[in-house]
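Hello,

Here is the structure you are taking over. My notes follow below it.

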Amino acid sequence: MGSNGTLLDFIKKNSRNLAVPTIMLIIGLFFIIKPDGALDITVKVVGVLFVIVGVLLGCSLMAAVSTVSMVLAVALVLIGIICLAASGFVASLILKVIGLCVTVNSIMSIHDAYVVKGKSDNFLAYIINDIITLIVGIVLFFIPTTVASVVVIVLGVILAVLGISNIITVFKVYRDGGRYVDDGSDVVWEE
């Protein structure tokens, strides 16, 4: 740190700037170490949100006068409870539905590409794109949690790298102390 102070001074002075990169790094490492846990937590958070929205809707004046609103409120609470109780199953089911939709869409796109086969110079590009999409859809349908885990790990690596990069940037700005002006909203470099 040199003449600008100790590590403790650095952390005290930059705690606000270090908060988000540190959270990104922690989430990134969690995603890398436990990708299945990240999917379960996401489904559980969605479940909690469904329960909250359902309860709020059920307690509203609109639900008191509308049977449809009350049924919707109960349905939201039940969906939320299912998400909380069976998060792994729900995550797998959602990923399978997405895989099925991607597969059906790519089959339709392959058909559309054949329709324009003689009319477009981009037929080969269309077919290659659609076949790759079809393969992704099929893989996502048959092994959804494996594919999702890979995506979560990649996202975790990206978050961890961005977190480390931002922490290094905060350190460099602190080290170069006199070269910037803190205007309260962001770091502005002096010219």
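The protein chain has 7 helices and 2 strands, where helices (H or I, at least four residues) and strands (E, at least two) are DSSP runs numbered from the N terminus. Along the sequence, the pattern reads α-α-α-α-α-α-α-β-β.

This is a predicted model, in which local features need pLDDT of at least 70, side-chain atom pairs count only at pLDDT 80 or more, and totals for chains, interfaces and linings use all residues. Residues are numbered from 1 along each chain as its sequence is written, and side-chain values use heavy atoms, with hydrogens and water left out.

Of the 191 residues in the protein chain, 26% are buried, meaning under 20% relative accessible area with a 1.4 Å probe, protein chains only (exposed is over 50%, partly exposed in between). The accessible surface (Shrake-Rupley method, 1.4 Å probe) is about 12600 Å², and 74% of that belongs to carbon and sulfur atoms.

A nonpolar core is a set of buried Ala, Val, Leu, Ile, Met, Phe, Trp, Tyr and Cys residues joined through side-chain atoms within 4.5 Å. The largest one has 8 residues: Met24, Phe31, Ala38, Leu39, Leu95, Ala148, Val152 and Leu159. Two or more residues each come from helix H1 (7-33), helix H2 (35-58) and helix H7 (144-175). H7 gives the largest share, 3 residues. Apart from this core lies another, of 5 residues, including Ala113, Phe123, Ile127 and Leu134.

What does Val152 touch, leaving out residues up to four places away in sequence? Val152 is in contact (heavy atoms within 4.5 Å) with Phe31, Pro35, Ala38 and Leu39.

Regards
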